[in-house]
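Please consult the sequence and the structure below alongside the text.

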Amino acid sequence: MSKKRIEWIDVAKAVGIIAVVFGHAMTRHGTMFHFLYWWHMPIFFIMGGFFLKPIVNNDWLGFFKKRIFPLLISYFICGGLLIMVSHFVRGESWAYTAFYFVRLEYGGRTLNHYLSVFWYINVYLLALLFTSIVITYVKNRETQIIIAFISLIVSTSYKHIYFLSHKFLPWDFDVAFIAMFFMLFGYLYFHKIQEFVKDLWVIIPAALFTVWAFWMQHMDRFNFGFYLKSKIIHASYHHIPISRVAYIMFIPIIICLVVFSASYYFCKFMPQLAIKPIQLIGQQTLGIMYLHKAVIDIVDEAGYKSAILETVLAVAISFILSILYAFIKSKVKKSLHKAVS
């Protein structure tokens, strides 16, 4: 399983990244906007836990080399390039641009414009580290589940923590504990999820619940807002406040199961001609995540206000640039390997 890619996971990643791009392209913050934010970030943290493994023989250096450093390098390379693109396209001062490199190191909610989505990489890396620590040193499954719930409850129990009189924590540190809940869920229940995606007795009720929740939100009887980056979370039913933790525990996970199942059946019944392009998009989600906001902003400034058009262009252009980056990266690696040899 580790050697062969699971098609429906790549398709689910593609669905997730298209939802992220569409959410950023939308200017009207209606029912669809809220609905997308319920699940389009949690789905990546859940999938991030699918193939995690405890660190063997305390080989944390190997873990950092394989899982952390490559993402850190791409974070600073792509971030630096986009800062310079923003400088020339948006006409920013050199003082603003120079200070933005400092903000890139601080990360989290201090990042905006072209880099506004880079908080995700900060939180993903921290959640990856925290989750790996838990599954390595806490062997009991029930205790791991308890830790997941505690991390969610504590991290959603307050609005802000000030860091050296600054409003935001570096790298959205506290948001990583919410992400860890989803990542631990993906790690602990991956095999169950593989069974559930095929089980219509599970998926049909989940899909009906998703439609019902969407309709209740549209009718203003149900009000759930879940914005991870800004940590804005509110929940009410018929305007009566309800536990935010309960909503976070169930709604994103149920919708993600529906997305996983739809992706599974898409791969089961559709021809490879239809599957492969979607799967390729799913394999380039990181590059699309990095680049799409810049493309949307540039297209928007050019006068094109259609969310659908911006989504198509942002996904397509970001995908091509991501492929180009991967190609250049492989060439550089080969040339360095030859030079060392």
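**Structural briefing**

In this predicted model, strand β1 (residues 222–227) and strand β2 (residues 232–237) run antiparallel and are joined by six bridges. The mean pLDDT of the protein is 91. The points below are grouped by topic.

**Strands and hairpins**

- Four residues separate β1 from β2 in their hairpin, and Lys231 in the turn has a positive phi of about 60°.
- Strand β3 (residues 240–241) pairs with β2 in the antiparallel sense, over two bridges.

**Nonpolar core**

- The largest nonpolar core comprises 107 residues, of which Trp8, Trp38, Trp39, Phe45, Phe118, Phe224 and Phe260 touch the most other members.
- Helix α10 (residues 244–269) contributes the largest share of this core, namely 13 residues.
- Leaving aside residues up to four places away in sequence, Trp38 touches Ala213, Phe214, Gln217, Phe222, Phe224, Phe226, Ile251, Pro252 and Ile255.

- Val20 is located in helix α1 (residues 7–25).
- Val20 is counted as buried because its relative accessible area is 0%, whereas the cut-off for burial is under 20%.
- Residues up to four places away in sequence being excluded, the contacts of Val20 are His40, Met41, Phe44, Met289 and His292.
- Between Val20 and Lys329 there are 26 Å in space, C-alpha to C-alpha, and the two are 309 residues apart in sequence.

**Annotated span**

- An unreviewed UniProt entry carries the annotation "domain: Acyltransferase" for residues 7–325.
- In the model, the span of residues 7–325 is 71% helix and 4% strand, and its end C-alpha atoms lie 23 Å apart.

**Confidence**

- A pLDDT of 70 or more is reached by 98% of the residues of the protein.
- Where pLDDT is low, predicted coordinates should not be read in detail.

Terms used:
Residues are numbered from 1 along each chain as its sequence is written. This is a predicted model: local features need pLDDT of at least 70, side-chain atom pairs count only at pLDDT 80 or more; totals for chains, interfaces and linings use all residues. Side-chain values use heavy atoms; hydrogens and water are left out. Buried means under 20% relative accessible area, exposed over 50%, partly exposed in between (1.4 Å probe, protein chains only). Contact means heavy atoms within 4.5 Å. Two strands pair if DSSP finds at least two bridges between them. UniProt positions are given in the numbering used here, feature names are shortened, and annotations may be inferred rather than shown by experiment. A nonpolar core is a set of buried Ala, Val, Leu, Ile, Met, Phe, Trp, Tyr and Cys residues joined through side-chain atoms within 4.5 Å. pLDDT is the predictor's confidence in each residue, from 0 to 100.
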